[in-house]
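Me: I have a model open here and would like to talk through some of its details. Could you walk me through them?
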Amino acid sequence: MKILFVCTGNTCRSPMAEGLFRKMMQERELEDKVLCQSAGLAAVEGMPVSENAVLACQELGVDISDHTARRITGEEIPVWDLYFPMSKTHGYILEQAGVPNQKIYVPHYIPDPFGQDLEVYRQCRDKLRGELEAFFTDCVSRLLVFEQP
C-alpha cells in the first residue's frame, strides 16, 4: 500500500505526518506492507524541513531531519493508493487534479504551524498523532486485510 501525505509547502505538517506514520507502522511491524511519503501542493523543491518540526518529532523518537520539500506532480497521481491531505482544501485540490475521491482521506483540519514556536509544533504533532491513529483504524487496517493473500 502506498500513502502520500499532502500539505502546502512540505516543510511542516506532511513531513511530520510521514515520520510519525512510519513509526506507527514499525511499531505494528507493518513497515514492509506500507510505503509512505509526503509532498506539497506549492512546495519549493529542496527546502529543508522546519527546525521546530524536527524538534517536535525528535521528542517522540522520530527523525525527519533529512527531509527536503518536494512538490507533487501530476504524473505520480496514479501511483498512490491513499492520500492524506492536511485540510479539506488540500483534498479538493487533489480531487481537481484527478485524484479519485475514494482515495482521499480528509482528517479533521490540522492547522499549519509554519513560522510558529515549538509549542505550536508540538500541538500540531499531537493532533497529527490522533488523526493518524484514526486514519489507520478507519482506512489503512481495512485495506491491508484485503491485500492479504
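Me: Let's start with Phe-84 and Tyr-105: buried or exposed?
Reply: Phe-84 and Tyr-105 are both buried, and please keep in mind throughout that this is a predicted model.

Me: Which aromatic cluster are Phe-84 and Tyr-105 part of?
Reply: They belong to one aromatic cluster that is formed by Phe-5, Phe-21, Phe-84, Tyr-105 and Phe-135.

Me: And how many aromatic pairs are there?
Reply: The count comes to seven aromatic pairs. One of them is edge-to-face, namely Phe-5 with Phe-135, because the ring centres are 6.4 Å apart and the planes stand at 75 degrees, where an angle over 60 counts as edge-to-face. That pair links distant parts of the chain, since Phe-5 is in strand β1 and Phe-135 in helix α4 (residues 118–147), 130 residues apart. Phe-5 and Phe-135 are both buried.

Me: What is the geometry of the Phe-84 and Tyr-105 pair?
Reply: Phe-84 and Tyr-105 form a stacked pair, with 5.9 Å from centre to centre and 20 degrees between the planes. Phe-84 lies in strand β3 (residues 82–85), whereas Tyr-105 lies in the loop between α3 (88–96) and α4, so the pair ties together parts that are 21 residues apart in sequence.

Me: Which charged residue lies over the face of Phe-136?
Reply: That is Arg-28, which lies over the face of the Phe-136 ring at 4.5 Å from the ring centre.

Me: Where is Glu-18, and what does its side chain make a polar contact with?
Reply: Glu-18 is in helix α1, and its side chain makes a polar contact with the side chain of Ser-38 at 2.7 Å. With a relative accessible area of 9%, Glu-18 is buried, because buried means under 20%. Neighbours within four places in sequence aside, Glu-18 is in contact with Phe-5, Cys-36, Gln-37, Ser-38 and His-67.

Me: What about Ile-104, where does that lie?
Reply: Ile-104 lies in the loop between α3 and α4 and counts as buried, at 15% relative accessibility. Apart from neighbours within four places in sequence, Ile-104 is in contact with Tyr-83, Pro-85, Gly-91, Leu-94, Glu-95 and Val-99. From C-alpha to C-alpha, Ile-104 and His-90 are 9.8 Å apart in space, while being 14 residues apart in sequence.

Me: One last topic, phi angles: what is phi of Asn-10, and what is phi of Glu-29?
Reply: Phi of Asn-10 is near 60 degrees, which is a positive value in a residue other than glycine, and phi of Glu-29 is near 55 degrees, again positive in a residue other than glycine. Asn-10 is in the loop between β1 and α1, while Glu-29 lies in the loop between α1 and β2.

Me: Is Asn-10 buried or exposed, and is Glu-29 buried or exposed?
Reply: Asn-10 counts as buried, at 0% relative accessibility, whereas Glu-29, at 65% relative accessibility, counts as exposed.

Technical notes. Residues numbered from 1 in each chain as written. Predicted model: local features only at pLDDT ≥ 70, side-chain atom pairs only at ≥ 80, totals over all residues. Heavy atoms only, no water. Phe/Tyr/Trp six-rings, centres within 6.5 Å; stacked < 30°, edge-to-face > 60°. Helix = DSSP H or I, 4+ residues; strand = E, 2+ residues; numbered from the N terminus. Buried < 20%, exposed > 50% of the residue type's maximum accessible area, 1.4 Å probe, protein only. Lys NZ or Arg CZ within 6 Å of the ring centre and 35° of its normal. Contact = heavy atoms within 4.5 Å. Polar contact = N/O pair within 3.5 Å; in protein donor to acceptor, adjacent residues only side chain to side chain.
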